[in-house]
Amino acid sequence: MQFGIVRRLLTLLLLACVSTSVNASSKHICFLSEVTPPFYWIDDSGQTKGASVDLAKAIAPLLPFSTSLEHMPWARAYQETLTKPDMVLLTLLKTPKREPQFEWLGTISHVNASLIRLKSREDLVVSDIDQAKAFRVGTIRGYGSATYLAQQGFEENKNLVLVSEPHHLWKLLFHGRIDFVVSAIDTGSYEIEAAGFNPNDVSSALTIAPLSAELHVATGMKTGESEANAIKHAIATLKENGEYQRIMQKWGLQPVGSAPFASTH
């Protein structure tokens, strides 16, 4: 009787040691986001909030490895994900240039980009992107919009203003330092409010169709196939069980259709 109890205790102890050893040597993935509401921001009490925060928390229990969530300026987060393994951007705009550079793990949202101006600036009327070259247009350094504007002939320190954080962008607009901001009007309202301004004071002046695209969870090509597949499968699971839709709707974002799971590479 006592021998049986001791035997079971030894077995449990051995299993615990094996489990600890496995966990200690397991892979770790770092989810990255910039501070941009409604996807990620820090409230007055220092707590992180947003769709990306909830999404990272929902994905974590479905993965066979540990995860963490960090925020950093967009250009740095982009470069870290592009050049290092096991870094995952929670929201990355999919563009033709970026498509071969990343593993696309799941569609999160759809962005309709436009030139946004103050409603009080009724003199700012443009019918195409070329006409906007006569004005000062701002966006985030490293964004697809920055690349697009440069390709259209905009020049930094002339008619193109690049900053590292969204709140800097809106301050420039509301203080009259720039004429337009390239952003999505629906998500931009969160950024404007977070920067201390009234979202009702801006309007869309011109929709930029080439910048209206899908936001994805994505990782660089140096991340292992098994890790990429695990995250892809976890996102597909959240879409199947409705948790993804619940998270998007909680933050006023329109859920996109789920795609069937497919192996990477």
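1. Let's start with what helix 3 packs against: its buried residues touch strand 1, strand 5, strand 6, strand 8 (137-140) and strand 12. Contact here means heavy atoms within 4.5 Å, and buried means under 20% relative accessible area with a 1.4 Å probe, protein chains only. Helices (H or I, at least four residues) and strands (E, at least two) are DSSP runs, numbered from the N terminus. Keep in mind that this is a predicted model, where local features need pLDDT of at least 70 and side-chain atom pairs count only at pLDDT 80 or more, while totals for chains, interfaces and linings use all residues. Residues are numbered from 1 along each chain as its sequence is written, and side-chain values use heavy atoms, with hydrogens and water left out.

2. Which residues of helix 3 (residues 74-83) are buried? They are Trp74, Ala77, Tyr78, Glu80 and Thr81. Looking down the helix 3 axis, these fall within an arc of 165°, so they line one face of the helix; the arc is that of the directions from the axis to the C-beta atoms.

3. Helix 2 is another story: eight of its nine residues are buried, so it is largely enclosed by the rest of the structure. The buried ones are Ala51, Ser52, Val53, Asp54, Leu55, Ala56, Ala58 and Ile59.

4. Of its 33 residues, Ile59, Leu63, Val217 and Ile231 touch the most other members. Helix 7 gives the largest share of this core, six residues. Apart from it lies another core of 27 residues, with Trp74, Met87, Trp104 and Val181 among them.

5. The largest pocket has a volume of about 350 Å³. On a 1 Å grid over the protein atoms alone, a pocket is an open set of points where a 1.4 Å probe fits, with protein on both sides within 12 Å along at least five of seven lines; lining residues have an atom within 4 Å of a point. The volume is the space filled by probe spheres set on the points, which are joined across faces, edges and corners. Of the 18 lining residues, Thr95, Lys97, Gly144, Thr147 and Tyr148 lie nearest the centre. Helix 4 (residues 144-151) supplies the largest share of the lining, five residues.

6. For the whole chain, the count is eight helices and twelve strands, and buried residues make up 47% of the 265 residues.

Definitions and conventions
A nonpolar core is a set of buried Ala, Val, Leu, Ile, Met, Phe, Trp, Tyr and Cys residues joined through side-chain atoms within 4.5 Å. Buried means under 20% relative accessible area, exposed over 50%, partly exposed in between (1.4 Å probe, protein chains only).
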